[in-house]
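Student: Could we walk through this structure together, one question at a time? I would like to see how each answer is reached.

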Amino acid sequence: MTVDLLITGARVRTFDSVAPWAEAVGISGDRIAYVGSAADAPTARRTIDATGRLVTPGIIDSHNHLLLGFDEDAVTLEGAHDLGEVRRRIADFAARRPDLDWVCAENAVYSVVDGRRPEAGDLDGLTDRPVFVTTYDQHSVWLNRVALRVLGIADGDDIAWGRPERHPITGDPTGWVTDFYTSAMTQAGLAELQRDIPMYSPERRYRKLVSSMRMATSLGITTVVEPQVPLAELPLFERALAEGVLSSRVIAALFHPVGADAAFRAALRDAVDSAPAHDRLRLGPVKLYADDVIEPHTALMLEDYANRPGQRGRPSYADGELAAVIGELDRLGFQTHTHATGDAGIRLALDAIEGAGRANGTRDRRHGIVHVECLHPDDLGRFRDLGVTAAMQPRHCSPDLVAGTWMENVGEERWDRAWRFRSLLDSGATVAFSSDWQVGEMDPLVGLYSAATRAGLDGSDAWTAAERVGLDRSLEAYTVHGARAWHAEASLGRIAPGMLADLAVWSTDLYGLEHDPAALLDAHAELTVVGGGIAYSAGALADPAGGEAPADPVAARGGQDDGHVHAH
């Protein structure tokens, strides 16, 4: 036998029960043809010596917002943790870009002003143009007074892409808008955004998609699940496929807005059924929301927020409606991907999934719940029992992201419910790790580090150590569990003969770094193979025919020079 490509000299973690470790991998066409010792490896038309490195199945990022990548015509507020720094960055950007009608910024944190949410007046004096700022989790927007006037909010008008907060006594808008991302991706919300806010034009959204796709492949990610695609933006992915920029596989989850009816669900079914089959783009899952997010006290909790007596958040759907929607989607053959962060929101989603299976008699849908940030002990075993995937993001539990908001809102007595990676894995549940880019850094090595330490990226303030997960189990969550989550375990997630040749070659043997998890942050993907082809290469394994490393190493990490991100 002669194979097309042989990777040899490395440690190969196959996650195959028959041969969990190997020394060489042979590829013919788009499939793995040989896994075994270097001495017994077949001849090859091309050989790559990966001595000193680790080969794993390609990373499956089960929740990655490709459409939310960095915008070169907006200012990033990553790492800006006080109002002075936010104002400085926005003012500097506004001065540098007089050509822009709107000054847009991304990734603001909720705690930028002590003791309260930011307000329009906090942005006074920076520019005479409207300012539009999204929070790191994409669930809220912060506007200046000019933007409030331009959008008609100051005159009492409503907007289709969010819920403007108003002062309880005067009724004046505060400049804060909640329920942004759930409303912005509705047909009406997206149309209004594209009309008014330049950052949401189809061309700028497409640029983000292309940039995020390139980044994903450079980070060892071979399958990306874009978890929230409005039907109106499907053409962006079709264009990317036609232009050959889907360098990794993409699973697009179609967004189901709150209030959508049976006709809309039929349109979803038609869109999926009529989509041409392609190995790089697959439609099918449906994204829903059970609740919002914990940071602005809008996630649904079983008990009061620790710092807001009498307040427990709210469900996204009215009584019983989520169960009816999931039940109908399940009957139509859809797999659902439901956002739920609060313990009551998670229970609501689990109850709806359980009811759908019972009513429809369906099996093995593998519905998923996304984030699972605050899990009540009584619901832990239900993920395994119901066959529900927990699609979780290790980076989200880092103290540098959740201190000052999440931790205080939930209260220390409930911290043992936070991001229960290990408990869920120990229970036998499918736990599919992911980045939630652009909410968190896209780099899976950041996720591996965060799962192992539950600390900030500087190693400080580790918490809830009982839920730490070691390197091997985390890699399994990014590969084996990721494949299982999307019914792809027969072709993805393991290195074995006959499987699709989706591989990542890391710059060093990651298992040699287990005693020093911080060293994971200095490693990188050196080779990404998708369907047997070299989609990305760098460093000593660089191959001009297989793609080049990004010019900006910080961008390749998935962040920017002035800090790090977190988002939903």
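Tutor: Gladly! Let's start with a term: helices (H or I, at least four residues) and strands (E, at least two) are DSSP runs, numbered from the N terminus. Keep in mind too that this is a predicted model.

Student: With those labels, in which loop does Asp179 lie?

Tutor: Asp179 has a positive phi of about 55° although it is not a glycine. Most residues other than glycine have a negative phi. As for its place in the chain, Asp179 lies in the loop between E14 and helix H3 (180–184).

Student: Is Asp179 buried or exposed?

Tutor: Buried means under 20% relative accessible area. The relative accessibility of Asp179 is 11%, so Asp179 counts as buried.

Student: What is the phi of Asp364?

Tutor: Asp364 lies in the loop between helix H9 (343–360) and strand E19 (368–371). Its phi is positive in a residue other than glycine, with a value near 60°.

Student: And what is omega for the peptide bond from Trp437 to Gln438?

Tutor: Gln438 belongs to the loop between E21 and helix H14 (444–453). Most peptide bonds are trans. The bond from Trp437 to Gln438 is cis, with omega near 15°.

Student: What is the bridge partner of Leu288 in E18?

Tutor: E17 and strand E18 (residues 336–340) run parallel and are joined by four bridges. In E18, Leu288 has as its bridge partner Thr338.

Student: Which residues of H7 are buried, and why do they line one face of the helix?

Tutor: Helix H7 (residues 262–274) has 13 residues and reaches 18 Å from its first C-alpha to its last. Seen down the axis of H7, the buried residues fall within an arc of 160°, so they line one face of the helix. Those buried residues are Arg265, Leu268, Arg269, Ala271 and Val272.

Student: What covers the buried residues of H7?

Tutor: The face of H7 turned away from its buried side carries the exposed residues Ala263, Asp270, Asp273 and Ser274. On the buried residues, the cover includes helix H6 (234–242), strand E16 (249–255), strand E17 (281–289) and helix H8 (321–331).

Student: How many residues of E11 are buried?

Tutor: In a regular strand the side chains alternate between the two faces of the sheet. Val131, Val133 and Thr135 point one way from E11, while Phe132 and Thr134 point the other way, and all are buried. The count of buried residues in E11 is five of five.

Student: Which residue in the hairpin of E11 and E12 takes a positive phi?

Tutor: E11 and E12 pair in the antiparallel sense over three bridges, and Phe132 stands opposite Leu143 in E12. The hairpin has five residues between the strands, and the positive phi, near 65°, is taken by Gln138.

Student: Last one: how many residues has the largest nonpolar core?

Tutor: In soluble globular proteins, nonpolar side chains tend to be buried together. Here, Trp406 and Trp419 are among the residues with the most contacts inside the largest nonpolar core. A second, separate core of 26 residues includes Leu68 and Leu148. The number of residues in the largest core is 98.

Definitions and conventions:
Residues numbered from 1 in each chain as written. Predicted model: local features only at pLDDT ≥ 70, side-chain atom pairs only at ≥ 80, totals over all residues. Heavy atoms only, no water. Expected span 1.5 Å × (residues − 1). Buried < 20%, exposed > 50% of the residue type's maximum accessible area, 1.4 Å probe, protein only. Arc of directions from axis to C-beta. Contact = heavy atoms within 4.5 Å. Core = buried A, V, L, I, M, F, W, Y, C linked by side-chain atoms within 4.5 Å. Pairing = 2+ DSSP bridges.
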